[in-house]
Every structure is written in structure tokens, then in C-alpha cells.
Amino acid sequence: TDIKPVITSPHEARRRATFHGLKTKKDVIVGFFKKKTRDLVSTDSCKVVDAQIISRFDLYKKLTKIGASRKSVLKISTTVSETGLDINISNGKPLNVELKLKVTKICHEFKVARLTWNDELIAQFSIPIINFNGISVKIIPKTFLQATKEGEETLIKNVDKSITDANKVIDLLSGCGTFSLPAAKTAKILAIDKSDAMISTIETAWRSNIGLREIRCRTQDLFQVPVLKDELNLFDAAIIDPPRSGAEVQTRELAKSKITRISSVSCNPKTFSRDAEILIKSGFKLDWVQPVDQFLWSSHIELVSQFSRQN
């Protein structure tokens, strides 16, 4: 097949990062764990992470001082959105009213969009928004997103190229609509994901953005209950973006269906190869593969590909 040149995201492009905070006898430590250890290394610089995230390092230290205990490590997950940082704190100590007011004031000073603490919304100064190819999406805490904006744009562009002539498209494992929503500019979409929250995110975005064709949504665990070939036959093309484990069971149903075009996104070349073999043995051709490197200085790589076959 045609393996295209790798497209690499630039330095300081990762829009998500998870720091950990630890309270010591004299101070606090905020940083990353040393590889394969529980040793926390403090760092206020990073060649991988977006500068907006690193610039709030003092904020993470203040939150650690308030919310960590000597026996627990605070987990500080940050996401860059169009309206500011979305911060989600896990493993923090319970906050009383006084501490809630204190962290709210601190977040306001650092211009944070939203702060969630142990799954409780503490402060929201603006709704965190992500833009998928011109489509605004209001994200919830812990929404799965591609690691970099540049990588995401490359994946969307190539998915759209694969389904350009399709009128009806099924998006399997749709997440929050990274591919469903842009695809709805030209096709009718059925988006399926096991997360009610992700499906709700797509539905809200569809209603909020004009110029999109119909998007129907359904909650379904495709690893337990795959979409069967008879329903797949109703569609011209499919998009599938599985986790690292791949989607073997669902892929076997795609192989048995009459669908002639599949846009496949993967974060694991090994399971992608396994699932690709299933499709090729059923008559599909692997037209091309576009590798996308969003994880600088690591072995991880994303890819997007196109499979096609004749009726």
C-alpha cells in the first residue's frame, strides 16, 4: 500500500497533560513521575506540552498545597480549550465551603475556564470549547481528545477525504464527534459510542452548529454488541476509531457487510494490522496509510487509513 510520509506535530503542541502534586514537610512538589517509578520530578518546563499549560505551573502548586495530603498524590489533568484551561483534579481531599471559595478565587486569578474537583464542578468562568474543523463543541471534563490540534486536523482531513462521496456514514466508536461532526457537512451520520456523555456532547454540538446534515446518535458498547452486517448494509461508508486494543469483533461485521469504503483511525499499528488483515481477506484493498506522530520522543504513533472494495 501507499505509506505516506509521517506528519509530525510541532514542539509544545500537546494540549493535554497530567501533573501530579505531592505535599512535603516544607513545601509541595508538582511534576511528572520518573519513568517506571513513583518518584515525582518537579518541572516547570516541557518541550512537549502547550505553553498555556506550563504557564500555570504556580497554579498547580497552589492547588496542591490546598488539596493534597501527606498520604496522597494529587492528580491534576489539564486541557487547553478555545476559552481557557479545563482543569480536573482527582484524589484531592474534600473541600469545605471556605476552601471551595479559595480555589475558585485562585482559578479566577489564573484565568481558568473550569475547575472540577473529585468529579464535582467547583468553578466555571466559561464553557470549555474545542473546534473540530470549524465546528464548536462544548466539552465535558475527561472528554477524550486527540493529543494535538495539528494531529487532529490531519486525521479529520484524511477521514473526510475517504468518505467524500458518501451520502450515509456510520461512525463507530465516535467519541465526542471528532469525525462525526465534520463529516456531517456532507453526509448523514449515525454516531455510536458506549459513553452516554460522549453521545450527548455530539447531540448538543449538532444542534448548536448550523449547516450540518442529520446526525443520529446511539449509545452501544460495540465490543459487547457490535453493529451487525444487515444494519451496516444501509450505509455507504464507515468511520472507525478504536482504542489500542483495536476492534476485532466489529471489524468482522464490517468485513461481512456490503460497505465499500472504510476510514480507519488507529493508535496501535499492531492491532490495526490484525484488523486490516480481516478486511483484506474479505476483499477490501488498503489504499493508503497516513502516519501521524503526536507523541514526540516516544514510540507511540497514530495513523489514518482508507480501505475500499468494489460492489
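**Two helices side by side**

Tutor: Helices α2 and α3 are roughly antiparallel to each other, where angles over 145 degrees count as roughly antiparallel, those under 35 as roughly parallel, 65 to 115 as roughly perpendicular and the rest as oblique. This is a predicted model, in which local features need pLDDT of at least 70 and side-chain atom pairs count only at pLDDT 80 or more, while totals for chains, interfaces and linings use all residues. Residues are numbered from 1 along each chain as its sequence is written, and side-chain values use heavy atoms, with hydrogens and water left out.

Helix α2 covers residues 57–67 and helix α3 covers residues 97–109; helices (H or I, at least four residues) and strands (E, at least two) are DSSP runs numbered from the N terminus. The axes of α2 and α3 cross at roughly 175 degrees and come within 11 Å, an axis being a line fitted to C-alpha atoms, for helices over the stretch in contact, with angles running from 0 to 180 degrees between N-to-C directions.

The contact, meaning heavy atoms within 4.5 Å, is made by Leu59, Lys62, Leu63 and Ile66 of α2 together with Leu99, Lys102, Val103 and Ile106 of α3. These residues divide into six nonpolar, no polar and two charged, where Ala, Val, Leu, Ile, Met, Phe, Trp, Tyr, Cys and Pro count as nonpolar, Asp, Glu, Lys and Arg as charged, and the others, Gly among them, as polar.

Let us now look at one residue of this contact. Ile106, which lies in α3, is buried with a relative accessible area of 10%; buried means under 20%, exposed over 50% and partly exposed in between, for a 1.4 Å probe and protein chains only. Leaving aside residues up to four places away in sequence, Ile106 touches Leu59, Lys62 and Ile66. Although Ile106 and Lys62 are 44 residues apart along the chain, their C-alpha atoms are separated by 8.1 Å.

Another pair can be set beside this one. Helix α8 (residues 248–256) and helix α9 (residues 269–281) pack at an angle of about 20 degrees with their axes 9 Å apart, and they are therefore roughly parallel to each other. Their contact is made by Glu248, Thr251, Arg252, Leu254 and Ala255 of α8 and by Arg274, Asp275, Ile278 and Leu279 of α9, and its residues divide into four nonpolar, one polar and four charged.
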